[in-house]
Amino acid sequence: MGKVVLVTGVARQLGGRFVRRIQRDPQVDRVIAVDAVLPEHHLGEAEFVQADIRQPTIARVLAEHSVDTVVHMDVTGIALGGGSRTTVKETNVIGTMQLLGACQKSPSVKRLVVKSSTNVYGSAPRDPAVFTETTPPKSLPSGGFAKDTVEVEGYVRGFARRRPDVAVCVLRFANILGPSADSPLASYFALPVLPTVFGYDPRLQFVHEDDVIEVLRIASHDPQRGTLNSGTFNIAGDGVLLLSQCARRLGRPTVPLLLPALSWAGTAVRTLGVTDFSPEQLRLLTHGRVVSTNQMRETLGYKPRYSTAETFADFARSRGPGLLPPEALAGAVDRIAALRYAGGGHPPTLSAN
């Protein structure tokens, strides 16, 4: 018999993609897809179980199907189907507690994979240039999804101590982007005009959806020779982008605002439901965050297919041209520069950059 893999959070696009991908692995016998909401997308041959991980019934699901591998993807920052922030927090924190309690009692569970986030490091003015997996945050997140991930990882560490026979892998993903990305940062980049913090140009890292799926798949199986997939790993594409570079590549104009004004504007757009301009996102757009991925390469043995710049380029293509497309803007600048030399002389060297 092959592995029996249980995946949570399958009603979201990312969870559905992972379920369809893991079924193709020859060492996987069955996939149990779990969510409180009926998914709108196809799950292949997976067996869907409509269950709320906040309820003790998840323990019965583990026992009935003799699950040996659990992939917990239901740790997210956006509510599904118009739910509230309270619902998201309960699913992230209470749902994780119930799931870990069920895993602790299940003798069949041998591997646990948890989708976490680099939000656990927070964003503060005195942060180090690069966070490693062992770097403590200068300022612990005080609320929102970032605080949820800190609590989730605390419960996972407690579970690992109580069940040392279970291989535990925590994957701290940078901001996930791609054609079907559904995150607060993706909603921010979808705005026609991007409000920014006056005087700041933060460094950002991204990871592509395809790399997320592949890393989760690697963590779900026994490690390959010369690698280790138990522990905590930062997952991000190579390189960084400044927020100003992101805006130019999207063709979105920016409006620099003083931090108090941006906080007020964030509250307004959050009330209108346009995007989740939470305090943690404001801190990210002020101070940024960069993590080291040496352990991902040297220990986990994974090299991302997409760099940070390539990930953002794929995301930008899926969103279409903004109000100031880079090519059109460069052409207009070149034409204006050429007008100065229309009466004679040599025009400057034209550039599309």
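Begin with the salt bridges, of which the structure holds 17, a salt bridge being a side-chain nitrogen of Lys or Arg within 4 Å of a carboxyl oxygen of Asp or Glu. This is a predicted model, in which local features need pLDDT of at least 70 and side-chain atom pairs count only at pLDDT 80 or more, while totals for chains, interfaces and linings use all residues. Residues are numbered from 1 along each chain as its sequence is written, and side-chain values use heavy atoms, with hydrogens and water left out.

Select Arg17 and Glu209, whose side chains form a salt bridge at 3.8 Å, N to O. Arg17 lies in helix H1 and Glu209 in helix H6, so this pair ties together parts 192 residues apart in sequence; helices are DSSP runs of H or I with at least four residues, and strands are runs of E with at least two, numbered from the N terminus.

Among the buried residues of H3 are Val88, Gly95 and Leu100, where buried means under 20% relative accessible area, exposed over 50% and partly exposed in between, with a 1.4 Å probe and protein chains only.
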